[in-house]
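Hi,

Here is the structure I promised to pass on.

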Amino acid sequence: MRSGTVAVIGRANAGKSTLINVLVGEKVAIVSPKPQTTRDRILGVLTREAYQIAFVDTPGIYKSRNVLTEDMMKTTETTSRDVDAILYVLDGHAGVREEDAQLIRKYASLGVPLLVALTKTDIMPAENLPAEVKFLADAGVEADIYPVSARRGRGLKKLEEGIAAMLPEGDKLFPDDVVSDRSEKFMIAELMREKILLKYDEEIPHGVAVVVHTFKRRENGTYEIGLDIICEKQAHKAILIGKQGRALKETASFARQDMEKFLGAKVFLTTYVKVREDWRDSERLIKEFGYGED
Ligand SMILES: Nc1nc2c(ncn2[C@@H]2O[C@H](COP(=O)(O)OP(=O)(O)O)[C@@H](O)[C@H]2O)c(=O)[nH]1
Ligand SMILES: [Mg+2]
């Protein structure tokens with residue numbers, strides 16, 4: 001049996017979290033079209049008879065701007081040094097750039113086996129593929145390249161087997177039924193953040209933290225969940241809540257439906273919006289809100 005950890009890295013929005021979710025077969029990481037969707041390292045475990053792959057989702061590669069994005073970059077960097085293999089994800093639709101080749105060469109030089117997944121092939125003209133592969137080869141990338149579509153489920157089995165072949169022989173790292181190292185409470189907060197990412201312009205979700213303060217399973221199996229949505233400005237709070245609270249009601253109801261799917265039970269959800277200016281520049285508040293390294 002082969003087993004090991006695989007850091008999934010690449011630029012923001014490449015499709016890393018989506019790819020992990022389909023490979024693992026369950027939603028372990030939230031997804032949105034906006035950068036900075038993934039803030040933390042998240043583990044997603046895929047177990048088969050012949051191998052076990054523990055994917056580590058990373059926030060991706062950013063040009064740092066505040067303490068939170070710096071922390072996110074650090075998470076990506078330290079993760080890539082601490083694994084058995086690296087899966088570099090490229091957005092085939094956006095096209096491969098010199099910057100990608102540079103990053104791949106950099107990560108390939110860490111001494112950890114690396115392979116490349118070129119994703120979103122479903123929205124990429126098929127005739128572009130050979131050119132992208134040639135571009136990478138000309139730029140000195142020696143790694144194997146796997147074209148995939150997470151959305152259409154194409155090329156996944158080959159990729160999975162390619163990854164497994166790079167892992168060391170060894171026992172399972174996790175029990176068969178484990179798919180993530182994150183708590184239900186974390187996922188609940190993330191599902192709320194995902195809906196905020198989907199509903200509002202970038203400026204607002206990038207400054208939002210979600211903190212679950214109540215998470216109770218009642219005798220009858222239903223859940224009572226209370227959470228705070230923390231934003232950076234009064235003006236953002238007003239937008240998040242909307243006229244007569246309509247916007248918040250809609251976002252919360254959207255999130256609640258996903259929470260019910262995730263928990264397999266009815267959820268009673270209470271949400272409040274609070275303002276904490278500049279929390280993204282406070283190491284203490286970032287920790288208090290549950291982001292960043294332990
Ligand atoms: N068409 C298509 N879109 C994808 C695919 N994979 C991811 N996406 C979209 O790309 C955006 C970014 O995905 P995400 O997984 O959050 O990227 P990450 O920042 O690298 O984790 C989301 O809107 C996804 O729905 C794919 O295979 N095909
Ligand atoms: Mg992500």
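Below is what I found, starting with a word on conventions.

This is a predicted model, where local features need pLDDT of at least 70, side-chain atom pairs count only at pLDDT 80 or more, and totals for chains, interfaces and linings use all residues. Residues are numbered from 1 along each chain as its sequence is written, while chains are lettered from A and ligands numbered from 1 in the order in which they are written.

Let's begin with the sheet. It is open and has 6 strands in the order S2-S3-S1-S4-S5-S6, with mixed pairing. (Strands are DSSP runs of E with at least two residues, helices are runs of H or I with at least four, both numbered from the N terminus; two strands pair if DSSP finds at least two bridges between them.) Strand S2 (42-47) and strand S6 (145-147) are the edges, each pairing on one side only.

S2 runs antiparallel to S3, joined by 6 bridges, and the two form a hairpin with 3 residues between them. Along that pair, Ile-42 is opposite Asp-57 and Thr-47 is opposite Gln-52. S1 and S3 run parallel, with 7 bridges; here Val-6 has Phe-55 as its bridge partner.

How many residues of S3 are buried? It is 7 of the 7, so S3 is largely enclosed by the rest of the structure. (Buried means 20 or more other C-beta atoms within 10 Å of a residue's own, exposed means 12 or fewer, and partly exposed is in between, with C-beta atoms placed from the backbone.) Both faces are covered, with Tyr-51, Ile-53, Phe-55 and Asp-57 on one side and Gln-52, Ala-54 and Val-56 on the other.

Next, the ligand. Ligand 1 is surrounded by 21 residues, and the closest are Gly-15, Lys-16, Ser-17, Thr-18 and Arg-151. (A residue counts as near if its C-beta atom, placed from the backbone, lies within 6 Å.) Helix H1 (residues 16-24) gives the most to this shell, with 3 residues.

Finally, the domains. The domain assignment, which is automatic or from a database, gives domain 1 (2-166) and domain 2 (184-288). Their C-alpha centres lie 28 Å apart, and the contact takes 9 residues from domain 1 and 13 residues from domain 2. (Contact means C-beta atoms, placed from the backbone, within 7 Å.)

Cheers

Terms used
Two residues are in contact if their C-beta atoms, placed from the backbone, lie within 7 Å.
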